[in-house]
Amino acid sequence: MAQYTYHKADTRGHDYLGWLDSKKTFSFGEYYNPKRMGFGALRVLNDDIVEGGKGFGEHPHDNMEIVSIALEGGLEHKDSMGNVKVLLEGQVQVMSTGSGIFHSEYNHYADRPAAFLQIWLYPNQLNITPRYTQLSPEKGQNTLLPIISPDNIQQDAWFYSGVFEKDIQTAYRLQKPGNGIYAFVIKGSFTIDGKTLQTRDGMGIQEIDVVHITSLEDNGEILLMDIPMDI
């Protein structure tokens with residue numbers, strides 16, 4: 001029987017550091033909630049806004065898949081593998097941190113904020129050689145299109161997104177039996193199997209093969225993460 005776990009936008013953790021405004025679906029940093037330690041392989045879902053010219057100084061990571069989805073502005077990335085990149089609106093970055101890397105992230109622009117989703121997944125193999133990938137996926141219009149697959153990430157995970165007009169219906173079928181779905185509404189409102197989600201609401205779904213989605217307003221945007229539940 002299908003199981004649904006709601007995470008309303010206004011129940012998320014919230015850190016405001018002046019230069020960083022961060023909303024956290026799951027426990028991270030100063031926000032700790034023992035009931036929110038992740039969903040299957042999904043460990044972190046942060047909704048971050050970085051002020052112009054500010055950012056995260058060099059720091060280490062290991063054995064985590066880190067996905068950044070740029071929503072507004074640009075993020076400048078540098079890492080110990082020699083990558084120097086700017087992630088622009090609509091682009092997706094995947095870091096397989098494996099045996100360990102150092103990196104920094106700053107708002108590329110001094111005069112405007114940068115907004116992005118920071119998502120961490122546990123990998124399905126430890127201590128791999130680190131790698132960096134930057135993608136420019138097509139944005140689905142009234143359909144869900146893939147933005148990440150196991151070709152890009154060290155996990156049996158698929159990310160899909162789309163922008164929908166009002167009353168458009170679509171269905172999503174799991175890519176791998178036993179996986180779950182975590183849905184996150186970037187903007188607008190949707191129903192998933194008849195359950196309503198508003199802007200920045202999230203919902204985890206288990207024990208299901210297909211979900212049915214309806215957009216409730218124009219220009220609604222949704223992200224679906226199809227991820228292993230056994231880690």
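Before we look around, one definition: two strands count as paired if DSSP finds at least two bridges between them. Strands themselves are DSSP runs of E with at least two residues, and helices are runs of H or I with at least four, numbered from the N terminus.

Hello everyone! What we have here is a predicted model, where local features need pLDDT of at least 70 and side-chain atom pairs count only at pLDDT 80 or more, while totals for chains, interfaces and linings use all residues. Residues are numbered from 1 along each chain as its sequence is written, and side-chain values use heavy atoms, with hydrogens and water left out.

Let's start with a pair of residues. F56 has E105, in β10, as its bridge partner. Strand β10 covers residues 101-107 and runs antiparallel to β5, with five bridges joining them. In general, strands of a sheet pair through backbone hydrogen bonds, either parallel or antiparallel.

β5 and β10 belong to an open sheet of four strands, in the order β5-β10-β7-β8, with antiparallel pairing. At the edges sit β5 (55-61) and β8 (84-88), each pairing on one side only.

And the whole chain? It has zero helices and 21 strands. Its radius of gyration, taken over C-alpha atoms, is 17 Å, close to the 17 Å from the globule rule (2.2 Å times the number of residues to the power 0.38) for 231 residues, so the chain is as compact as a globular protein of that length. Buried residues, meaning those under 20% relative accessible area with a 1.4 Å probe and protein chains only, make up 54% of the 231.

Next, salt bridges: a side-chain nitrogen of Lys or Arg within 4 Å of a carboxyl oxygen of Asp or Glu. How many does the structure hold? There are eight.

D47 and R12 come to 3.1 Å at their closest N and O atoms. D47 is in strand β4 (residues 42-50) and R12 in the loop between β1 (3-7) and β2 (13-16), 35 residues apart. For R200 and D47, the closest N and O atoms are 2.7 Å apart. R200 lies in the loop between β18 (195-197) and β19 (202-206), so its pairing with D47 in β4 ties together parts 153 residues apart in sequence.

Conventions
Buried means under 20% relative accessible area, exposed over 50%, partly exposed in between (1.4 Å probe, protein chains only).
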